[in-house]
Amino acid sequence: MSAHSHDQAPGDAGGRRLGIAVAINLLLTAAQIIGGVLAGSLSLVADALHNFSDAAGLLLALIARRISKRPADEDRTFGYGRASVVGGLINLTSIIVIAGYLLIEAITRAFERPEVDGWIVVIVAGIALAVDVATAVLTYAMSKSSINIKAAFLHNLADALASVVVIITGTLIILFDWYWTDLVATIGISIYIVWMSVPPLKRCIRILMQSTPEDVDVRAVADAIASCDGVEGVFHLHIWMIDEHTRSVEVRVVVDDRRISELAPLRLQIEELLAESFDAAHATIEFVNGSAADRPLIARH
């Protein structure tokens, strides 16, 4: 994986596509909420929540594209890449809270016999299905070169499946008066929303906590650096994500007694090793003299 990924299509076509996708998903969310209230269908409201999460996710991607163009400054020396991570954390947390509310509401309504207009449910869910497919088409091209947009693309395909479930629910209500299927669908969609939201939420927290990337073994990085000619030890090794795509390394390397001018080739060798083998875009390397046998690999401040 490259250290830098871009969500851009040629020119500004990618931005326009994302803007259109956001707009139609927001319109769909409003239509589903109105339809859900008129029909008395909690599952339709739950599906509206899911589409709102898609719109929010696409909007964050659109904002991130624009913010990422800002150069680093005195206030943000690492740049503005984490703005999308903070926004994602807020968005995902709110979505999980609302999904929990819908789940509780569905369980509460299980003791009642709700009146649900099946035709409104089927019609609005059918429109939702069409919009989900259209959004997937708009984001398909960009999903090939961006992990961020690819996640949104796959999410929209999953939404299409949720809309199919709601259509089936409305049809069962029309044909057999099975009103309980609306509650079952609501519970299922709510659980699905939480299940889909937890992994990216954990990723946001890991980035903000400056955790070691999940695919990196700190010991393997230390061993690789230690294998370079002239290195006697490695300590105070830090590996973290500056933003969603940029990985950084900070390390102190113990070398034998030599002049600073002689360390330039070794520094270059270590930087190339970290970039090629561990996808590190930035590396801060400090050379020190003396044994590192009694020094910790990971600094404890």
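**Exercises on a predicted model**

Asp-279 is buried, with a relative accessible area of 15%. (Buried means under 20% relative accessible area, exposed over 50%, partly exposed in between, with a 1.4 Å probe and protein chains only.) The model is predicted: local features need pLDDT of at least 70, side-chain atom pairs count only at pLDDT 80 or more, and totals for chains, interfaces and linings use all residues. Residues are numbered from 1 along each chain as its sequence is written, and side-chain values use heavy atoms, without hydrogens and water.

**Exercise 1.** Decide whether Thr-169 is buried or exposed, and list its contacts beyond four places in sequence.

*Solution.* 
- Step 1: Find Thr-169 in helix H5 (residues 147-176).
- Step 2: Its relative accessibility is 4%, so Thr-169 counts as buried.
- Step 3: Its contacts (heavy atoms within 4.5 Å) are Ser-43, Thr-181, Asp-182 and Ala-185, leaving aside neighbours within four places in sequence.

**Exercise 2.** Describe the aromatic pair of Tyr-192 and Trp-195.

*Solution.* 
- Step 1: The structure holds 3 aromatic pairs. Rings of Phe, Tyr and Trp (its six-membered ring) pair if their centres lie within 6.5 Å; planes under 30 degrees apart count as stacked, over 60 as edge-to-face and the rest as tilted.
- Step 2: Tyr-192 and Trp-195 form a tilted pair, 6.3 Å centre to centre, with 35° between the planes.
- Step 3: The two are 3 residues apart in helix H6, so about one helical turn separates them.
- Step 4: Tyr-192 is partly exposed at 21% relative accessible area, whereas Trp-195 is exposed at 60%.

**Exercise 3.** Name the residues that form one aromatic cluster.

*Solution.* 
- Step 1: The cluster consists of Phe-176, Trp-178 and Trp-180.

Note on methods: Helices (H or I, at least four residues) and strands (E, at least two) are DSSP runs, numbered from the N terminus.
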